[in-house]
Amino acid sequence: MRVNCVGAVITDGAGRLLLVRRGHAPDAGLWSVPGGRVEAGETDAAALEREVLEETGLRVAPGALAGTVERPGPGGVTYVIRDYLASVTGGEMVAGDDAAEVRWCSRHDLAGLRLVAGLAEVLAEWEVWP
């Protein structure tokens with residue numbers, strides 16, 4: 001089974017990337033960009049706005065598609081994740097929903113974080129992080 005998901009690549013004026021530490025499976029405890037499943041009848045843009053708000057407390061404006069990855073999930077599921085560039089338009093940053101923590105990270109910060117598999121590589125490949 002294939003499950004459609006979205007992720008948000010969000011940077012701030014200092015060139016930091018917004019990351020969440022996952023609070024639940026899959027990948028509980030690992031850091032990733034905010035995002036999640038696209039619900040039935042929902043557009044990618046609506047799903048991205050909803051997921052970022054639920055996980056971070058921030059409102060965003062979705063932008064261009066950064067890239068797509070496929071990741072294996074439990075029980076033979078394949079997550080098809082479309083990651084979009086996005087910019088913060090409002091809200092107050094606070095971890096919520098299935099995010100245990102949320103923070104802005106510099107490239108230097110990444111060395112000390114346990115990231116979900118392949119995240120650093122795709123961000124570099126897509127050239128989406130200044």
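**A look inside**

Author: Let's begin with the sulfur atoms: the count of disulfides comes to zero, where a disulfide is a pair of cysteine sulfur atoms within 2.5 Å. Please keep in mind that this is a predicted model, in which local features need pLDDT of at least 70, side-chain atom pairs count only at pLDDT 80 or more, and totals for chains, interfaces and linings use all residues. Residues are numbered from 1 along each chain as its sequence is written, and side-chain values use heavy atoms, with hydrogens and water left out.

Cysteine 5 stands opposite isoleucine 81 in E6. Names like this one come from DSSP runs, numbered from the N terminus: helices (H or I) have at least four residues and strands (E) at least two. Nine bridges join E1 to E6, and these strands run parallel; two strands pair if DSSP finds at least two bridges between them. E5 and E6, on the other hand, pair in the antiparallel sense over twelve bridges, with glycine 67 opposite aspartate 83 in E6. Their hairpin has five residues between the strands, and glycine 75 takes a positive phi near 65 degrees there.

Now for the core itself. A nonpolar core is a set of buried Ala, Val, Leu, Ile, Met, Phe, Trp, Tyr and Cys residues joined through side-chain atoms within 4.5 Å. The largest one has 23 residues, of which Leu19 and Leu123 touch the most other members. Strands E1 (2–10), E2 (17–22), E5 (58–72) and E6 (78–91) and helix H3 (119–126) are the elements that give two or more residues to this core. The largest share, four residues, comes from H3. In soluble globular proteins, nonpolar side chains tend to be buried together.

Leucine 19 has contacts, meaning heavy atoms within 4.5 Å, with residues including Trp31, Val33, Cys105, Leu110 and Leu119, not counting residues up to four places away in sequence. A second, separate core has 16 residues, among them Leu18, Val38, Leu48 and Val102.

Leu48 leads us to helix H1 (residues 44–56). At 1.5 Å a residue, its 13 residues should span 18 Å, and its end C-alpha atoms are 18 Å apart, which agrees; the expected span is 1.5 Å times one less than the number of residues. Leu48 is one of the buried residues of H1, and Ala47, Arg50 and Val52 are also among them. The buried residues of H1 pack against E1, E2, strand E4 (35–37), E5, E6 and strand E7 (99–105). Just after H1, glycine 57 takes a positive phi of about 80 degrees.

In the loop between E4 and H1 you will find glutamate 42. Glutamate 42 touches Arg37, Ala47 and Arg50, not counting residues up to four places away in sequence.

Finally, E3, E2 and E7 form an open sheet of three strands in the order E3-E2-E7, with antiparallel pairing. Strand E3 (31–32) and E7 stand at the edges, each with a single partner strand, so one side of each is left without a neighbour in the sheet. E2 and E7 pair over six bridges, and arginine 22 has alanine 99 in E7 as its bridge partner.

Definitions and conventions: Buried means under 20% relative accessible area, exposed over 50%, partly exposed in between (1.4 Å probe, protein chains only).
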